[in-house]
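Here is a short tour of a protein model, meant to be read with the structure open beside you. Let's look at some aromatic rings and then at one helix.

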Amino acid sequence: MNIISNAVKYNKEKGEILLSYYETQVDDRHILFEFHCKDTGVGMSKEFQDHIFELFTQETGGARSVYGGTGLGMPITKKLIEKMGGTIKLERNFPQLF
């Protein structure tokens, strides 16, 4: 939910969000899914992308006053996913979808 919320919050007016998932592995007890979220948002610098999962990290000092937030959403999201045995990563150069 945090990733979708961020996609909406940081999107451009009349922007687009694409959510997709793929079933990548199935056995008798588990199903593994891969989720993708791509949007036409305001963008992130490479420097920010390198630190997005660190506590209190935000794109710019002014981002909090413009968009609200504490810089905790993505680190918490990462911890929750890892507690459930999953992984999360940010991919650069995601295939063109729009």
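The notes below cover ring pairs and a helix face in this predicted model.

**Aromatic rings**

A search of the whole structure turns up 3 aromatic pairs. In one of them, Y21 and F33 have ring centres 5.6 Å apart and planes at 65°, so this pair is edge-to-face. Since Y21 belongs to strand β1 (residues 17-26) and F33 to strand β2 (residues 31-39), the pair ties together parts that are 12 residues apart in sequence. Ring pairs also bring in F35, giving a cluster of Y21, F33 and F35.

How open to the outside are the two rings' residues? The table gives the relative accessible area of Y21 and of F33.

| Residue | Relative accessibility | Class |
|---|---|---|
| Y21 | 54% | exposed |
| F33 | 35% | partly exposed |

**Helix α4**

Next, please turn to helix α4, which spans residues 73-83. Which of its residues are buried? They are M74, P75 and T77. Viewed down the axis of α4, the buried residues fall within an arc of 160°, so they line one face of the helix.

What do the buried residues of α4 pack against? Their partner is α1 (2-9). On the face turned away from the buried side, α4 carries the exposed residues K79, L80 and K83. After α4 comes G85, which has a positive phi near 85°.

Notes:
Residues are numbered from 1 along each chain as its sequence is written. This is a predicted model: local features need pLDDT of at least 70, side-chain atom pairs count only at pLDDT 80 or more; totals for chains, interfaces and linings use all residues. Side-chain values use heavy atoms; hydrogens and water are left out. Rings of Phe, Tyr and Trp (its six-membered ring) pair if their centres lie within 6.5 Å; planes under 30 degrees apart count as stacked, over 60 as edge-to-face and the rest as tilted. Helices (H or I, at least four residues) and strands (E, at least two) are DSSP runs, numbered from the N terminus. Buried means under 20% relative accessible area, exposed over 50%, partly exposed in between (1.4 Å probe, protein chains only). The arc is that of the directions from the helix axis to the C-beta atoms. Contact means heavy atoms within 4.5 Å.
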